Amino acid sequence: MRAAVMGSGSWGTAMAAVLVDAGTDTVLWARRPELARSIAEDHVNPDYLPGITLPDSLHAVSSVDEALDGADLVVCAVPSQSLRANLAGWFISPDATLMSLAKGVESDSLMRMSEVIAQVTGADPDRIAVLSGPNLAREIAQRQPAATVVACPDEARATDIQNACSTSYFRPYTNTDVVGCEIGGAVKNVIALACGMASGAGLGENTLASIITRGLAETIRLGEALGAKPETFAGLAGVGDLVATCSSPLSRNRSFGSRLGEGRSLVEAQEATNGQVAEGVKSCSSVRALAAGHGVEMPLTDAVHRVCHEGLGVRDAIIALLSRSTKPE
């Protein structure tokens, strides 16, 4: 198998390193030539994974056509809201497997990433996989033990990907529940923002545990409404990913939310996170709209949206959540 990882952010770069360590011939596409040269020649990604040495055999290019030439596995590692535009300019082999690393719901269409890939490329859903789990990029790039889920309707393709990225420190499991894995990945970013907001506001572990637990309940409700399997959310792509993203200071969404909880504006929070906007800031609105379209109640997601986009204060959002009518769990 030859893999092309399209996107040289922290997660794309870490995943490319995993593939190389697993013995898979891999090329990493970086939009900027200078970053591609840094990865290929100096074996570092100073912009997204500073201080980490990448495998010597990881090849990086800035040419889309060169990256995709002969690729059997195309790993989509660009942000969810730019995936459609990127895919439109990529020529992908009609036999290649496409795998999404992005965790989000497209703002305009309210499509999951696998649906965007299918619509833009015309690929059969059996050719489309997603990878999701408790996978903080920096820890994986440091070769710390981690596990993940490769979900694909075609179990044979999922197994091929599993074999292509299995290492002594990275353990992939297979699943056929693409919907569940994608919803788990999208909503956990929103819940991590909520946890960050609470932490930044000075609230403690009881509050955070409550947000994680109720956030999981929201995720399950939306997932089931879309046809996901409930048991998926008890696994790595559900509660595993949720706990890691909500708990770690390495989580961009958690850190971004913490800045908001401290009273900073969206612009100030972005400046404090190296100019990067957390995925959940955009996804909270699209997840909220998707839930509304299916009659699913998601009060935490709604509160995050109102803080990020309607000017609601963090403490006011917490008070509003606590003021909701009591009911059985």
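**Reading a serine, a strand and a pocket**

Tutor: Ser 247 belongs to helix H10 (residues 236-247); helices (H or I, at least four residues) and strands (E, at least two) are DSSP runs, numbered from the N terminus. This is a predicted model, in which local features need pLDDT of at least 70, side-chain atom pairs count only at pLDDT 80 or more, and totals for chains, interfaces and linings use all residues. Residues are numbered from 1 along each chain as its sequence is written, and side-chain values use heavy atoms, with hydrogens and water left out.

Student: Is Ser 247 buried, partly exposed or exposed?

Tutor: Buried means under 20% relative accessible area, exposed over 50%, and partly exposed in between (1.4 Å probe, protein chains only). Ser 247 has a relative accessible area of 42%, so it is partly exposed. The side chain of Ser 247 reaches the backbone oxygen of Val 243 at 2.7 Å. Leaving aside neighbours within four places in sequence, Ser 247 is in contact (heavy atoms within 4.5 Å) with Ile 212 and Arg 254.

Student: Which way do the residues of strand S7 point?

Tutor: In a regular strand the side chains alternate between the two faces of the sheet. From S7, Ala 146, Thr 148 and Val 150 point one way, while Ala 147, Val 149 and Ala 151 point the other way.

Student: Why is S7 (residues 146-151) described as largely enclosed by the rest of the structure?

Tutor: Six of its six residues are buried, so S7 is largely enclosed.

Student: Which strands pair with S7?

Tutor: Two strands pair if DSSP finds at least two bridges between them. Strand S6 (residues 128-132) pairs with S7 in the antiparallel sense over three bridges, and Ser 132 stands opposite Val 149. Strand S8 (residues 170-175) runs parallel to S7 and is joined to it by six bridges; Phe 170 in S8 is the bridge partner of Ala 146.

Student: How much space lies in the second largest pocket?

Tutor: Rolling a probe the size of a water molecule over the atoms shows where empty space is left. On a 1 Å grid over the protein atoms alone, a pocket is an open set of points where a 1.4 Å probe fits, with protein on both sides within 12 Å along at least five of seven lines; lining residues have an atom within 4 Å of a point. The second largest pocket holds about 680 Å³. Its lining has 27 residues, and the closest to its centre are Arg 214, Leu 300, Leu 321, Leu 322 and Arg 324.

How values were computed: Polar contact = N/O pair within 3.5 Å; in protein donor to acceptor, adjacent residues only side chain to side chain. Points joined across faces, edges and corners; volume = space filled by probe spheres on them.
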